[in-house]
Amino acid sequence: MSVPFADLRAQYLSIKEEMDAAIADVIDNTAFIRTPIITEFEHGFAEMMSAKHCIGVANGTDAIYIVLKMLGIGQGDEVITVANSWISSSEVITQAGAKPVFADIEPGYFTIDPADIERKITPATKAIIPVHLTGHPAQIDQIMEIAERHGLFVIEDCAQSHFATLNGQLAGTFGVASTFSFYPGKNLGAYGDAGGILTNDDALAEKCRMYANHGALIKHQHHMEGINSRLDGLQAAVLKVKLGHILKWTEQRQFWAKAYATALEGIEEIELPAVRPGAEHVYHLYMIRAQDRDGLQTFLDARGIQTVIHYPTPLPFLPAYSYLGHSREDFPVAAAYQDAILSLPFFPEMNQEMIDYVAESIRTYYR
Ligand SMILES: *Cc1c(COP(=O)(O)O)cnc(C)c1O
């Protein structure tokens, strides 16, 4: 038996007819750029996310960059983000001309530690980019309170957290704006690169839309210089089809997370993903912490079980940030978790046999 880390093909086959028709329609109409299907997806997503505006862009990285630029963040400013994330969360800060400042993760969770945010705030701090990593909401209510007290913007990186909630409120509706990736492997994934920005701020929405389209809302009327970062018609059509299924897929993820928890019960060498009180986890990843992680990963691999580490090196310890001069003591929790975290195979279309095989293999390894 083999268990892939994810299976995008299984999902495609489950909606093949509907998807093929939607894609064929776009091609038949040669409706590739700035066409109604894009607006239809934007409205659909915004409505489901209880947000006023959705701006489709080319990818989730650009989404953060565009928001930072349109909030006027740049040279001389500092932006705080989390030590354990994908590099998009920090590289966009540098791209905008500002300085990335890292905060550690909370013990027990994989999200930014509000107490460390507070310690990292200086007069130059302008914004905080929390990441709802793995689909588990960061302590966003506390983060909003800190931000309000210090007059900072909060931009939520929701690349892994479509439809997660904290205290009944959707992750992505707390900050001034939130950014989404629709990379194929994300919970809501296109068939190529795609991303989106959500905000309730009319002026910010208009600026972001303009900036993502060469500084123009209407062709040839450039109010500023911008970039080319558009959601295209094919990806919008794919995403619109998937919007009709995403809540069911999210429930399936939650179902398999429970199944893993049951199957993995009592293995003392591993820690299962914790869910904070009041949070609804959407399990983009099922990330455990394991003793002798590398040995376990090799053992699972030999049994045909694919696992991934998110991420092998915390951002501040990457060569890209060596100029900041950080050491492991600066981010003790991220440093400690670095050698323990492991994401198990996880996707809505998995089955009990796979769960049992993974769990039994982990049990066997430690026996
Ligand atoms: C995937 C991801 C992004 C970037 O998304 P792209 O669409 O690949 O540019 C940003 N932040 C996090 C946390 C991600 O996982």
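Visitor: What makes Ser89 and Val131 contacts of Thr81?
Guide: Contact means heavy atoms within 4.5 Å. Thr81 touches Ser89, Ser90, Ile93, Val101, Phe102, Ala103, Ile112, Ile129 and Val131, so these count. Residues up to four places away in sequence are left out of that list. The model is predicted: local features need pLDDT of at least 70, side-chain atom pairs pLDDT 80 or more, while totals for chains, interfaces and linings use all residues. Numbering runs from 1 along each chain as its sequence is written, and side-chain values use heavy atoms, without hydrogens or water.

Visitor: Why is Thr81 called buried?
Guide: Its relative accessibility is 0%. Buried means under 20% relative accessible area (1.4 Å probe, protein chains only; exposed is over 50%, partly exposed in between). Thr81 therefore counts as buried. Thr81 sits in strand β2, residues 78-82 (a strand is a DSSP E run of at least two residues, a helix an H or I run of at least four, numbered from the N terminus).

Visitor: What lies 2.8 Å from a polar atom of the Thr81 side chain?
Guide: The backbone oxygen of Ile129 does.

Visitor: Which residues lie closest to the centre of the largest pocket?
Guide: Its space is about 720 Å³. Of its 38 lining residues, Gln160, Tyr183, Gly185, Lys186 and His284 are closest to the centre. A pocket is an open set of points on a 1 Å grid over the protein atoms alone, where a 1.4 Å probe fits, with protein on both sides within 12 Å along at least five of seven lines; lining residues have an atom within 4 Å of a point. The elements α1, α4, α5 and β8 each supply at least two lining residues.

Visitor: How many residues of each class line the largest pocket?
Guide: There are 17 nonpolar, 14 polar and seven charged.

Visitor: Which element gives the most to the lining of the second largest pocket?
Guide: That pocket holds about 240 Å³. Among its 15 lining residues, Arg34, Ile38, Glu42, Gly56 and Arg209 are closest to the centre. Helix α3 gives the most, three residues.

Visitor: Which residues touch the most other members of the largest nonpolar core?
Guide: Ile117, Tyr260, Leu264, Tyr286, Leu344 and Ile362, out of 62. A nonpolar core is a set of buried Ala, Val, Leu, Ile, Met, Phe, Trp, Tyr and Cys residues joined through side-chain atoms within 4.5 Å. Helix α13, residues 352-366, gives the most to this core, six residues. Contacts of Tyr286 include Ala257, Leu272, Pro273 and Phe346. Another core lies apart, with 31 residues, among them Tyr12, Ile37, Leu188 and Ala194.

How values were computed
A polar contact is a pair of N or O atoms within 3.5 Å; within protein, one must be able to donate a hydrogen and the other to accept it, and residues adjacent in sequence count only if both atoms are side-chain atoms. Grid points are joined across faces, edges and corners, and a volume is the space filled by probe spheres set on the points. Ala, Val, Leu, Ile, Met, Phe, Trp, Tyr, Cys and Pro count as nonpolar, Asp, Glu, Lys and Arg as charged, and the others, Gly among them, as polar.
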